[in-house]
Amino acid sequence: MASNAGIAPDALKTHADAADPTAAFADAATFGEGLRHARERSGKSLAELAAETKVHRRFLTALEQGDWSSLPSRVFALGYVRAYASALALDEQLAVERFKRESPDTSVPLKAPIGIAFEDVRRHSPRIVAGIAVVAIAVIGWNVFQRISLRQTAHPSDIAVAPKTWANGDTTDPRFALSAPMAAPPDQTTPAPYITRGLEAELTGVDPADPAALAAAAANAAPVQKAFNPRGAVYGAPANASMVVIQARTAGALVVRLGDGQALFARQMAPGEAWRAPTGVAATVDVSDPAAFDVYLNGEYGGPLAGVLTPLAQLNSRADQAARALAAVQARAQAQAQAHAQAAQARAQAGGQPGAAAPPSPPTTAPAASPTVPTAPN
């Protein structure tokens with residue numbers, strides 16, 4: 001007598017699934033549901049699996065919920081899948097293949113489409129050759145027709161009598177004479193730049209005719225800083241919605257975590273790649289090596305990262321303070337330029353009236369040094 005007599009087929013199937021968790025995982029509707037059913041069948045919690053696999057609990061939760069955007073790079077995600085499958089006694093290769101099918105790798109470029117079958121080319125090749133031949137014959141015929149139409153027969157010259165000067169080769173018409181040879185033109189040089197009167201003083205606040213103001217401005221000028229130069233992919237917020245850019249000088253890991261621990265951005269950055277930080281987001285920048293990343297505030301170089309963990313609010317605050325200081329300096333320079341222009345206009349009006357004394361001009365002062373100056377490329 002069979003040992004399974006009296007047992008319903010559904011009970012046999014349930015017993016077989018319990019004995020082989022890989023089969024139940026393969027029959028699940030999605031990859032995440034298969035992992036969750038296998039974990040619940042094993043009686044383990046997410047905290048226990050996180051301690052056993054050394055994988056953070058939020059990444060295990062993202063695998064079960066199919067939240068691929070919360071996972072780190074592709075290499076780390078595949079390692080988490082293998083560790084999760086091994087802890088639940090599942091087939092690791094089967095789990096990895098199903099994860100790849102349900103979460104395609106977006107970093108792999110699309111392949112070029114494959115051409116049509118060779119049989120189709122052979123079937124249509126006579127028509128293609130005939131069409132090319134017809135076009136070639138039409139072009140050649142059109143060119144031959146144009147040449148024949150434009151061809152003109154030879155006709156005698158319209159000049160009835162040749163001028164006398166043509167017969168006397170040595171005689172020169174007195175109306176025309178050659179002058180002495182001119183000297184060769186000088187070598188090309190760069191012309192002097194054109195300066196619009198009053199424009200330089202209005203833009204910089206420094207009178208170009210005042211040597212003292214020029215010397216003071218040169219002494220107080222800040223050194224030229226480097227500007228942000230994208231040398232690779234730029235991730236994160238749009239350019240018009242960001243004041244802070246973090247660029248990788250050398251290869252390194254960059255992870256930006258929100259206050260609840262969720263990863264806002266995580267990537268192994270290549271040299272030249274950058275990430276634009278959004279404004280008004282409370283997050284922490286976590287890097288593998290602070291010296292491998294440069295910070296740019298409002299497009300200007302702000303030095304390397306200060307430490308492994310840096311609050312994003314601190315970087316946004318620095319960028320906002322620098323922007324306010326630059327706006328204040330520009331406002332003062334514009335006010336001084338307007339004052340100089342009004343004084344010059346008053347002196348010109350007073351000089352045009354006999355006996356009128358020129359009003360005293362305001363003292364010339366050098367503008368305060370700007371925290372940022374025109375940038376130079378890296």
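These legends describe close-up views of a predicted model.

**View 1. The largest nonpolar core.** This core has 25 residues, and among them Phe31, Leu63, Tyr84 and Phe99 touch the most other members. Helices H3 (31-42), H4 (46-53), H5 (57-65), H6 (74-87) and H7 (92-102) are the elements that give two or more residues to the core. H6 provides the largest share, seven residues. Apart from its neighbours within four places in sequence, phenylalanine 99 is in contact with Phe31, Leu63, Trp68, Leu71, Arg74, Ala77, Leu78 and Val81.

**View 2. A nonpolar patch on the surface.** Ile140, Val144 and Ile148 make a nonpolar surface patch of about 290 Å². Isoleucine 148 belongs to helix H8, which covers residues 118-150. Isoleucine 148 counts as exposed because its relative accessibility is 55%, and the cut-off for exposed is over 50%.

**View 3. Aromatic rings.** The whole structure contains seven aromatic pairs. Phenylalanine 265 is in strand E4 (residues 263-269) and tryptophan 275 is in strand E5 (residues 274-277), so the pair ties together parts that are 10 residues apart in sequence. Both phenylalanine 265 and tryptophan 275 are buried. Elsewhere, Phe228, Tyr296 and Tyr301 form one aromatic cluster.

**View 4. Two loop residues with positive phi.** Most residues other than glycine have a negative phi. Alanine 89 is not a glycine, yet it has a positive phi of about 60 degrees. Alanine 89 sits in the loop between H6 and H7. With 54% relative accessibility, alanine 89 counts as exposed. Asparagine 298, also not a glycine, has a positive phi of about 55 degrees. The loop that holds asparagine 298 runs between strand E7 (293-297) and strand E8 (300-304). Asparagine 298 counts as partly exposed because its relative accessibility is 35%.

**View 5. Salt bridges in the helical part.** The count of salt bridges comes to eight. In one of them, the side chains of glutamate 40 and arginine 36 meet at 3.6 Å, N to O. Glutamate 40 and arginine 36 both lie in helix H3, four residues apart, which is about one turn of the helix. Glutamate 40 is partly exposed at 47% relative accessibility, and arginine 36 is partly exposed with a relative accessible area of 28%. Another salt bridge joins the side chains of lysine 44 and glutamate 52 at 3.2 Å, N to O. Lysine 44 is partly exposed, with a relative accessible area of 25%. Glutamate 52 is partly exposed too, with 43%.

**View 6. A salt bridge with a buried glutamate.** Glutamate 273 and arginine 267 form a salt bridge in which the closest N and O atoms are 3.5 Å apart. Glutamate 273 has a relative accessible area of 12%, so it is buried; the cut-off for buried is under 20%. Arginine 267 is partly exposed, with a relative accessible area of 32%.

Key. Residues numbered from 1 in each chain as written. Predicted model: local features only at pLDDT ≥ 70, side-chain atom pairs only at ≥ 80, totals over all residues. Heavy atoms only, no water. Core = buried A, V, L, I, M, F, W, Y, C linked by side-chain atoms within 4.5 Å. Buried < 20%, exposed > 50% of the residue type's maximum accessible area, 1.4 Å probe, protein only. Contact = heavy atoms within 4.5 Å. Patch = residues over 30% accessible without salt bridge, like charges linked within 9 Å, V, L, I, M, F, W, Y side chains within 5 Å. Areas by Shrake-Rupley, 256 points an atom, 1.4 Å probe, with all protein chains shown as cover. Salt bridge = Lys/Arg side-chain N within 4 Å of Asp/Glu carboxyl O. Phe/Tyr/Trp six-rings, centres within 6.5 Å; stacked < 30°, edge-to-face > 60°.
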